[in-house]
Amino acid sequence: MFHGAKEAEVSFRLRETQLVKPAVALTILPGTVILLGSADDRPICRLRNKQLAATTSDARRGGSLPRRDLADVKKLAVVPKTGESMSSLVNELVEAGVHFGHRSSRWNPKMRPYIYARKNAIHIIDIKETIRGLLRAKKYLAQVAAKNGTILFVGTKRQAAETIEREAMRCGQPFVNERWLGGTLTNFRTIRNRLSRLEELENLKTTGEINAYSKKMQSAIAREYRKMYRNLHGMRTMTRLPECMVIIDPHKEKNAVKEAQKLGVATIALIDTDCDPDTIDLPIPGNDDSMRSIEMICSILADAVLAGKTQSKIDQQSAGEGKDAPATPAPVTAE
């Protein structure tokens, strides 16, 4: 029944176990099933589709698994080599708390497709939807980076500021982690002028020309420099509008989302259960308040950008070698 299926959802209860809610079987790769739904939402085991068929058929007829059957199932668990990385990703996401949402009273009804359950007045996000959004975002970011596109990382909340700066600098992309200035995209020419002013102030300090000013003027210049550096230093390398934006918590960064929509800039965002997914092109449902969750998602996206840049360099080298290679003479045929 489940042989060859790419995706399957089965709901059943295991009798005499510590399961609080029904387990969910989802197929990440063809031929592999990961069961989620233990007391701490960690994977129970991985099964082949054929091995799961008998179990789920009994459950659908009203049967249940006793404790001894669960032990036998664990003995039959198979971890294919092709699915090891995906299985470890699921474990890391769950351990990082990516599946925890906001309180159910603060939810946005448009997030219903991304919510798996509600427990203790807190929504639980479907890990399957998180992985799906991550895979789409990674593929798109790799494509943009391969074409030398600009990707702007945005996250001004306290939990995300340090992570955004670190991961954006690691993959060589601009970022905003202190405050989103109104008109950063729609009035980009003015932003570039202020960046030029920032460079002028830095030249005054490095060359020592600032010592020729009075102390009051030096204090004013230092105050202006600190303010501009705090808000603009992450966008120094951004000489043109970005092709894509990675946003943490679009509910807080609503001004950035609105400017991106006006200019047609693609948006990738980590959205919690209180966000509106319709305003985001590639949503990644997950916990946007946990530092571990933000660090993990940003690290995965930064790795995708680096992979795209590496692939671009390889393509350029192969193209250059193809041009430099001498042309092979055509064979001469005797008539």
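The structure is a predicted model, in which local features need pLDDT of at least 70 and side-chain atom pairs count only at pLDDT 80 or more, while totals for chains, interfaces and linings use all residues. Residues are numbered from 1 along each chain as its sequence is written, and side-chain values use heavy atoms, with hydrogens and water left out. Helices (H or I, at least four residues) and strands (E, at least two) are DSSP runs, numbered from the N terminus.

**Helices α6 and α7**

- Helix α6 (residues 188-207) packs with helix α7 (residues 215-232) at an angle of about 130°, and their axes lie 10 Å apart; axes are lines fitted to C-alpha atoms, for helices over the stretch in contact, and angles run from 0 to 180 degrees between N-to-C directions.
- That angle makes α6 oblique to α7, given that angles under 35 degrees count as roughly parallel, over 145 as roughly antiparallel, 65 to 115 as roughly perpendicular and the rest as oblique.
- Among the residues of α6 that meet α7 are I191, L195, L198 and L201, and the residues on the α7 side include I221, Y225, M228 and Y229, where contact means heavy atoms within 4.5 Å.
- The residues of this contact of α6 with α7 divide into 10 nonpolar, no polar and five charged, with Ala, Val, Leu, Ile, Met, Phe, Trp, Tyr, Cys and Pro counted as nonpolar, Asp, Glu, Lys and Arg as charged, and the others, Gly among them, as polar.

**L198 in α6**

- L198 has its place in helix α6, and at 0% relative accessibility it counts as buried (under 20% relative accessible area, whereas exposed is over 50% and partly exposed in between, with a 1.4 Å probe and protein chains only).
- Leaving aside neighbours within four places in sequence, L198 is in contact with Y225, M228, Y229 and R236.
- L198 and Y225 are 27 residues apart along the chain, and their C-alpha atoms are separated by 6.6 Å.

**The sheet of three strands**

- The three strands form an open sheet in the order β5-β7-β6, with antiparallel pairing; two strands pair if DSSP finds at least two bridges between them.
- Because β5 (100-103) and β6 (115-119) stand at the edges, each with a single partner strand, one side of each is left without a neighbour in the sheet.
- β6 pairs with strand β7 (residues 122-125) in the antiparallel sense over four bridges, and H123 in β7 is the bridge partner of R118.

**Helix α5**

- In helix α5 (residues 158-170), the buried residues include A160, I164 and A168.
- Just after α5, G172 takes a positive phi of about 70°.
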